[in-house]
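Here is a short briefing to read alongside the model.

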Amino acid sequence: MHYQPKSDLLNNRIILVTGASDGIGREAALTYARYGAEVILLGRNLERLQLTEKAINQLNKRPAHSVVFDLVQATPENCQHIAQQLALQFSHLDGVLHNAGILGEIVPLAELDPHVWQQVMKINVDATFYLTQALLPLLLKSDAGSLIFTTSSVGRTGRSGWGAYAVSKFATEGMMQVLADEYKNQHLRVNCINPGGTRTKMRASAFPEEDANKLKTPADLMPLYLYLMGDDSRRKTGMSFDAQPGRKPGAAE
Ligand code: NDP
């Protein structure tokens, strides 16, 4: 995407990013901070989260805040608790990037371990729903809130072997569409980003044989992540965007 954001695009914005300890989420959190946002980092690993927090604090912009939370443990109650704690510190949220996710196993559905299915659904779908429900009141206090979900090409067209992950991403697309329709007359836009094959830990586990140097890095995707979080996308809602338009799904060639 050819998008040149203004350097103060996210000044005074408060944005929560899930899965901010690694990969695309870490890069998005750093990028949002670089463009002026106060960023809340959510992740399950305190040490890794603190590394992101430290990198943000070294930018000498707004300091970051960490919320240590394992999404596999998410319930409606503990997500409400997180929202209540945030409400003590922040008057509102301008953006939430639901980025955390797991892949599960790449095997035919017939062989998929039901426990793996449950873990994938818990983290990629249930936790995303509980957290969204809990955070909506804070998001609706923004004059232009942006709620972004993370999808995948296998969340639009099913592919052999991609099992629970593909199904969870179809659910993510559905959640985005329902919410976008429900809030179309309010100051909240809801969209999906499909990163496309990107050089991260998750990608390496899905395609261990692939030459990672042929993949885009998380930093390469950031124009779209900025566009959808900033004011230039105010009128966009209910859409599923590709961070790498035209990229053919599957292994890098
Ligand atoms: P990574 O595996 O590199 O990072 C995932 C992030 O989510 C990490 O910060 C991880 O934390 C966090 N996370 C995972 N499980 C939990 C949990 N139970 N509780 C809290 N945090 C958790 O993945 P990517 O950066 O590659 O992927 C980011 C998103 O993009 C995902 O939704 C993925 O499905 C999607 N995507 C990625 C593509 C790619 O090619 N990379 C392509 C299409 C979609 P920790 O550091 O503790 O592991």
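A residue counts as buried if 20 or more other C-beta atoms lie within 10 Å of its own, as exposed if 12 or fewer do, and as partly exposed in between, with C-beta atoms placed from the backbone. Helices (H or I, at least four residues) and strands (E, at least two) are DSSP runs, numbered from the N terminus. This is a predicted model, so please keep its confidence limits in mind: local features need pLDDT of at least 70, side-chain atom pairs count only at pLDDT 80 or more, and totals for chains, interfaces and linings use all residues. Residues are numbered from 1 along each chain as its sequence is written.

**Helix α4**

- Helix α4 covers residues 114–139, 26 residues in all, and spans 35 Å from its first C-alpha to its last. That is close to the 38 Å expected at 1.5 Å a residue, where the expected span is 1.5 Å times one less than the number of residues.
- At Lys 122, α4 bends by about 40 degrees; the bend is the angle between axes fitted to the seven residues ending there and the seven starting there.

**Nonpolar core**

- A nonpolar core is a set of buried Ala, Val, Leu, Ile, Met, Phe, Trp, Tyr and Cys residues joined through C-beta atoms within 7 Å.
- The largest such core has 64 residues, and those touching the most other members are Ile 15, Val 17, Ala 29, Tyr 32, Val 39, Leu 41 and Tyr 225. The largest share of this core, 9 residues, comes from α4.
- Val 39 is in contact with Ile 15, Val 17, Ala 29, Tyr 32, Ala 33, Ile 56 and Ala 64, leaving aside neighbours within four places in sequence. Contact here means that the two C-beta atoms, placed from the backbone, lie within 7 Å.

**Around the ligand**

- There are 27 residues around the ligand, and Gly 19, Gly 23, Gly 101, Thr 200 and Met 202 come nearest. To be near, a residue needs its C-beta atom, placed from the backbone, within 6 Å of the molecule.
- The shell divides into 8 nonpolar, 13 polar and 6 charged residues. Ala, Val, Leu, Ile, Met, Phe, Trp, Tyr, Cys and Pro count as nonpolar, Asp, Glu, Lys and Arg as charged, and the others, Gly among them, as polar.
- Helices α1 (23–34) and α6 (201–206) each supply at least two residues of this shell.

**Individual residues to look at**

- Leu 188 sits in strand β6 and is partly exposed, because 19 other C-beta atoms lie within 10 Å. Its contacts beyond four places in sequence are Leu 139, Leu 140, Gly 145, Leu 147 and Tyr 183.
- Ser 66, in strand β3, is partly exposed because it has 18 C-beta neighbours inside 10 Å.
- Asn 12 lies in the segment before β1 (14–18) and has a positive phi of about 65 degrees, although it is not a glycine.
- Asn 60, in the loop between α2 (46–57) and β3 (65–68), has a positive phi of about 60 degrees and is not a glycine.
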